[in-house]
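Student: I have a model open and want to learn how to read it. Can we go through it feature by feature?

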Amino acid sequence: MHSARPFRAAAGSGGVFRAAPAALALALGAIATLGAIPAAFAVGEAPQANQKPLPVALVDVLNTLAHGPHPGFRANHAKGVLVTGTFTPAKTAPSFSSAAHFAKTVPVLVRFSDTTGVPNIPDASPDASPHGMAIRFKLPSGGSTDIVSISTNGFPVGTPEDFLALLTAISKSGPGVPKPTPVEQFLGTHPAALKYVSTPKPPPQSFGTLAFYGVNAFKFTNVKGVSHFARYQILPVAGEHALTAADSAKADPNYLMDELPKRIAAGPVTFRLVAQVAQEGDVTNDATAVWPPDRKIVELGVISLTATVTDQVKEQKALLYNPLSLTPGIEASTDPILAARPPAYAVSFAQRAGQ
């Protein structure tokens, strides 16, 4: 069913996962504390005794949509390719945040991916977008910090409850369902979601010609104690280039996963990491609230990707990216979508790890 190409790298070989005990411990620990999640993350106003915790319910409906779970694969962004390189901070980065990786060049481990939990989704499929870019910065101290981003600026909903409702509505809106379907009803009452799904998302020529956005805000603080809220943008130095409709129709199912290693072999693939800074009054706790393009941009540095990971299966399966794995100088906002992501990732990780 799956080829040996890079996208298959998330697949496991069955049995108990042993490649990353620290990551597995983190995932199991997160799942063990799901009962202590704030009330905002409970499904409904008065959860029943048999009701699933929200992170579990989210992963379950993602699996349903993907006709899964697929053993060894993520519940979302299942198909991906893992590459390595470096992050070199800009001169402006240390004055914006005291984070260690904004002061010294560090290694990065980057995973590009397609949306959905379908392991063999065609890369040019409309359902494969938004694509994902997850970045792990390996800090001088030996720790790490992560960015998780997607190829759209903004998110369809502002709360994890609404995300579950949207996914559930999609799952109940197949062929033959009377109109208005559940998803049509949802979109009719959620204008941000309607705008999100109706915005064109043409397939990129390459992961190296696609812009990515951190849809959640973070608080950045420098050594003088000056703080700003901002969102990440990861912009391709090669420029943004999409396929034409004709090229999309004839694209190889794995063209993105195959093209990136070839592009990297020919020379570094680079991205500018920048921060879009919030102005006073800008909403920082709602992923649907996209800030205007005239907001100040601070250059944080350059990501240079120079190699493709050899053992994609082992390395991708071992990875648990965590947008709340932060380092001093960067703090989380109160965005409920941001807070809900690590527990759901942990559920997905434990599932693919065989637990």
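Student: What share of the residues in the protein chain is buried?

Tutor: This is a predicted model. Of the 355 residues in the protein chain, 50% are buried.

Student: How many helices and strands does the protein chain have?

Tutor: The secondary structure comes to 10 helices and 10 strands.

Student: And which share of the contacts links residues 24 or more positions apart?

Tutor: Take the contacts in the protein chain with a separation of 6 or more. Residues 24 or more positions apart account for 76% of them.

Student: Now helix packing. At what angle do the axes of α2 and α4 cross?

Tutor: Helix α2 spans residues 54-65, and helix α4 spans residues 160-171. Their axes come within 10 Å and cross at roughly 25°. Angles under 35 degrees count as roughly parallel. Therefore α2 and α4 are roughly parallel to each other. The crossing of α2 past α4 is left-handed.

Student: Which residues make the contact?

Tutor: On the α2 side, they are Leu-54, Ala-57, Leu-58, Val-61, Leu-62 and Leu-65. On the α4 side, they are Pro-160, Glu-161, Phe-163, Leu-164, Leu-167, Thr-168, Ile-170 and Ser-171. By class, the contact has 11 nonpolar, two polar and one charged residues.

Student: Next, the aromatic rings. How many aromatic pairs does the structure hold?

Tutor: There are 10 aromatic pairs. One of them joins Phe-155 and Phe-163. The ring centres are 5.2 Å apart, with 55° between the planes. Planes over 60 degrees apart count as edge-to-face, under 30 as stacked, and the rest as tilted. The Phe-155 and Phe-163 pair is tilted. Both residues are buried. Phe-163 also belongs to the α4 side of the contact with α2.

Student: What geometry does the pair of Phe-220 and Tyr-232 have?

Tutor: Phe-220 and Tyr-232 are edge-to-face. The distance is 5.5 Å centre to centre, and the planes make 85°.

Student: Why does this pair tie together parts that are apart in sequence?

Tutor: Look at the strands. Phe-220 lies in strand β6 (residues 218-221), whereas Tyr-232 lies in strand β7 (residues 227-236). The pair therefore ties together parts that are 12 residues apart in sequence.

Student: Is Tyr-232 buried or exposed?

Tutor: The cut-off for buried is under 20% relative accessible area. Tyr-232 has 5% relative accessibility, so it counts as buried. Phe-220 is buried too, with a relative accessible area of 0%. Phe-220 and Tyr-232 also form one aromatic cluster with Phe-96 and Phe-218.

Student: Let us turn to the backbone. What should I expect of phi and of peptide bonds?

Tutor: Most residues other than glycine have a negative phi, and most peptide bonds are trans. Now look for exceptions.

Student: Which residues does a cis peptide bond with omega of about 10° join?

Tutor: That bond joins Gly-68 and Pro-69. Pro-69 sits in the loop between α2 and β1 (80-89). The bond from Ser-129 to Pro-130 is also cis, with omega near 5°. Pro-130 belongs to the loop between β2 (106-113) and β3 (132-138).

Student: What is the phi of His-67?

Tutor: His-67 has a positive phi of about 55°, although it is not a glycine. Exposed means over 50% relative accessible area. At 71%, His-67 therefore counts as exposed.

Note on methods: Residues are numbered from 1 along each chain as its sequence is written. This is a predicted model: local features need pLDDT of at least 70, side-chain atom pairs count only at pLDDT 80 or more; totals for chains, interfaces and linings use all residues. Side-chain values use heavy atoms; hydrogens and water are left out. Axes are lines fitted to C-alpha atoms, for helices over the stretch in contact, and angles run from 0 to 180 degrees between N-to-C directions. Helices (H or I, at least four residues) and strands (E, at least two) are DSSP runs, numbered from the N terminus. Angles under 35 degrees count as roughly parallel, over 145 as roughly antiparallel, 65 to 115 as roughly perpendicular and the rest as oblique. A crossing is left-handed if the near helix is turned anticlockwise from the far one by less than a right angle, and right-handed if clockwise. Contact means heavy atoms within 4.5 Å. Ala, Val, Leu, Ile, Met, Phe, Trp, Tyr, Cys and Pro count as nonpolar, Asp, Glu, Lys and Arg as charged, and the others, Gly among them, as polar. Rings of Phe, Tyr and Trp (its six-membered ring) pair if their centres lie within 6.5 Å; planes under 30 degrees apart count as stacked, over 60 as edge-to-face and the rest as tilted. Buried means under 20% relative accessible area, exposed over 50%, partly exposed in between (1.4 Å probe, protein chains only).
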